[in-house]
Amino acid sequence: MKIKILVIVLITAAVMCLSLVLGPRTINPFAMDKTSREILFSIRAPRSIVALLMGVALGASGAVLQGMLRNPLADPYILGISSGASLSAALGIIGGASVFGSFTVPVFAFGGAVATGGLVGVMGWERGGLWPERLLLAGVGLSFLFSALLMLILSISTDEGLRRATLWIFGDLSMSEWSRVPYGLFFVMAGIALSVWRATALNALMLGDEFAHSLGFAPQRERLILFISVGLMTAASVSLGGMIGFIGLLVPHIMRFFIGSDGRLLIPASALAGGALLCMADLISRSVIAPTELPAGIVTAIIGAPYFLYLLRRKNVLGI
Amino acid sequence: MSSESDLPILGLGRVFFSYSKDGAFIDDLSFSVGGGEFIGLLGPNGSGKSTILKLGAGILRPSSGNITLWGKNIREYRNRDRAKLISYLPQLLDISVPFSVRELVNMGLYPYDILPAMSADEALDMVGLRDRAYCRLSDLSGGERRRTFIAMTLLQGAGLLLLDEPLANLDIKYQIELIRLLGKLREERNISIVMALHDINIALQFEKVMLIKEGRLLGIGHPKKILTSDMLREAFDVEVEVSRSDSGNTYVSYENNF
């Protein structure tokens with residue numbers, strides 16, 4: 001088991017290194033001129049770190065949500081947090097807001113995500129706690145509402161705003177800067193720390209509230225802590241670079257093939273694998289048709305989905 | 001090893017409970033469970049068997065009355081401390097999660113920070129599942145699953161098991177196997193067990209049973225005293241004939257109702 005974790009760590013590190021040196025211009029780290037150094041430190045390093053953080057947040061939130069909602073189809077976007085974030089960000093972009101300078105879009109997105117998370121939490125709350133089915137349905141309902149409002153705004157907006165908003169919605173890492181790293185790092189690490197700390201409770205919750213209670217956990221308190229950790233990570237991820245599909249839904253399933261369902265291993269493994277996958281997808285998306293870029297979210301789905309389907313046919317590990 | 005102790009492990013005193021505002025679902029219930037007792041809990045569907053077990057496990061709070069665990073009010077225990085004393089297994093266990101047998105058994109250690117007194121392998125030996133340790137839960141038979149959860153409670157170290165219909169969906173062989181296993185645990189480890197069940201013939205093999213109707217206790221004691229034709233008619237509204245076979249075993253039959 002330790003070896004498997006080590007392999008995942010090494011793969012993630014290798015992908016990070018590749019994403020630093022490869023691209024439209026290959027950089028030899030042992031013989032860098034001024035331009036190469038500039039590209040490496042000012043463009044690729046922050047971009048790779050942002051991609052890594054987003055992937056880490058999505059992979060970990062997916063693993064937590066699927067367990068806590070007892071639903072293999074749950075992902076960080078099902079709770080509507082990302083739709084709220086997108087709506088809020090699109091309002092910021094199209095409305096031409098610039099109150100927070102270059103941070104305007106991330107701040108709008110983060111605010112939208114947190115507000116939506118709170119709203120889903122309020123609607124999922126009954127009899128002193130959060131109930132999985134209520135959370136899911138509230139999330140899906142809000143998701144539809146916000147998506148519709150987003151489409152409405154996009155359909156009546158001007159060309160330039162529309163293009164930028166659309167890019168952002170599909171996951172745009174080209175705006176990554178060092179300035180976004182500290183807050184992203186803070187919220188993602190806080191979320192990971194919370195969820196790994198409560199990983200045993202997550203395992204018990206997967207087998208039902210009464211079972212969790214019998215093992216000494218207060219199910220509703222644990223679910224609230226886990227919900228907050230997922231909310232923080234999803235909000236951070238969406239505000240860093242928009243919506244990236246696939247990772248939150250399928251990376252945790254792929255990791256279950258390799259290391260099982262124990263949250264203490266599954267959360268860190270899904271986090272790392274999510275980070276590695278998004279880094280690699282970003283590398284491909286900015287390299288294949290350079291200088292034009294593909295949205296990274298499209299690439300993650302195109303690499304990841306067939307691999308997932310292959311695993312699904314080869315091993316019956318999903319328990320379904 | 002003494003099988004009787006003065007201090008009850010679990011005590012319910014004049015407990016009332018209701019799910020809604022109209023009427024008590026559990027109506028003035030008092031009983032206690034002593035050390036090493038193995039009690040069968042019987043009653044019609046909806047009579048409150050599961051509710052009683054959940055009250056005893058601290059999952060539900062009584063609207064009045066008190067519930068004590070080793071002489072202390074159950075509310076005074078921290079969740080983790082209570083989990084070291086009681087293990088409750090619900091009737092329906094969601095096993096769609098791909099945990100392995102070993103992973104599940106090790107969950108019994110969650111309330112502890114210290115090294116276990118027993119290893120998962122030893123617990124699996126006791127329930128006869130050592131060779132299945134790396135199987136997934138969903139690949140096991142119904143009986144093996146139940147035994148896996150029992151092995152987990154062994155690691156949990158609980159002195160009181162509250163089991164909600166553990167025999168449901170098991171065929172006769174696995175029912176007997178599970179009851180033998182529980183009897184062995186009670187003998188070797190002085191574990192007290194309260195178990196909801198439906199099969200009156202199995203209940204007749206117990207040393208102590210409780211009969212419940214509409215949230216009230218009809219009787220508690222030896223099955224020969226409690227599971228009589230009159231009491232069973234009152235509880236279930238059917239004519240049940242309690243007979244003695246040539247070999248001296250008591251059994252019930254109810255074919256006259258058809």
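Predicted model: local features only at pLDDT ≥ 70, side-chain atom pairs only at ≥ 80, totals over all residues.
How are helix 7 of chain A and helix 10 of chain A oriented to each other, roughly parallel or roughly antiparallel?

**First stop: two helices of chain A**

Select residues 181–197 of chain A, which form helix 7, together with residues 219–241 of chain A, which form helix 10; the two pack at an angle of about 155°, and their axes lie 8 Å apart. Angles over 145 degrees count as roughly antiparallel, and helix 7 of chain A and helix 10 of chain A are therefore roughly antiparallel to each other. The crossing that helix 7 of chain A makes with helix 10 of chain A is left-handed. Now show the side chains in the contact: helix 7 of chain A contributes residues including Y183(A), F187(A), G191(A), L194(A) and W197(A), while among those from helix 10 of chain A are I225(A), S229(A), L232(A), M233(A) and L240(A). Coloured by class, this contact between helix 7 of chain A and helix 10 of chain A shows 14 nonpolar residues, five polar ones and no charged ones.

**Second stop: a serine in helix 5**

Stay in chain A and select S143(A), which is located in helix 5, residues 132–155. Is S143(A) buried or exposed? Its relative accessibility is 14%, and because buried means under 20%, S143(A) counts as buried. Leaving aside residues up to four places away in sequence, S143(A) touches Y77(A), G80(A) and S83(A).

Turn to chain B and bring up the open sheet of six strands, whose order is 6-7-8-3-9-10 and whose pairing is mixed. At its edges are strand 6 (86–89) and strand 10 (216–221) of chain B, each of which pairs on one side only. On average, and with direction ignored, neighbouring strands of this sheet are turned by 15° against each other. Helix 9 of chain B, residues 229–236, packs on the sheet and touches strand 9 (208–213) and strand 10 of chain B, with its direction at about 40° to that of strand 9 of chain B. Back at strand 6 of chain B, follow its parallel pairing with strand 7 (residues 160–163) of chain B over four bridges, where I86(B) has L160(B) as its bridge partner.

**Last stop: strand 1 of chain B and its partners**

Finally, select strand 1 (residues 10–17) of chain B, which runs antiparallel to strand 2 (residues 26–33) of chain B and is joined to it by five bridges; here L12(B) is partnered with F31(B). Strand 1 of chain B is also joined by five bridges to strand 4 (residues 64–69) of chain B, again in the antiparallel sense, and in that pairing L10(B) has L69(B) as its bridge partner.

How values were computed: Residues numbered from 1 in each chain as written. Chains lettered and ligands numbered in written order. Heavy atoms only, no water. Axes fitted to C-alpha atoms, helices over the stretch in contact; angles between N-to-C directions. Parallel < 35°, antiparallel > 145°, perpendicular 65-115°, else oblique. Left-handed = near helix turned anticlockwise from the far one by under 90°. Contact = heavy atoms within 4.5 Å. Nonpolar A, V, L, I, M, F, W, Y, C, P; charged D, E, K, R; others polar. Buried < 20%, exposed > 50% of the residue type's maximum accessible area, 1.4 Å probe, protein only. Pairing = 2+ DSSP bridges.
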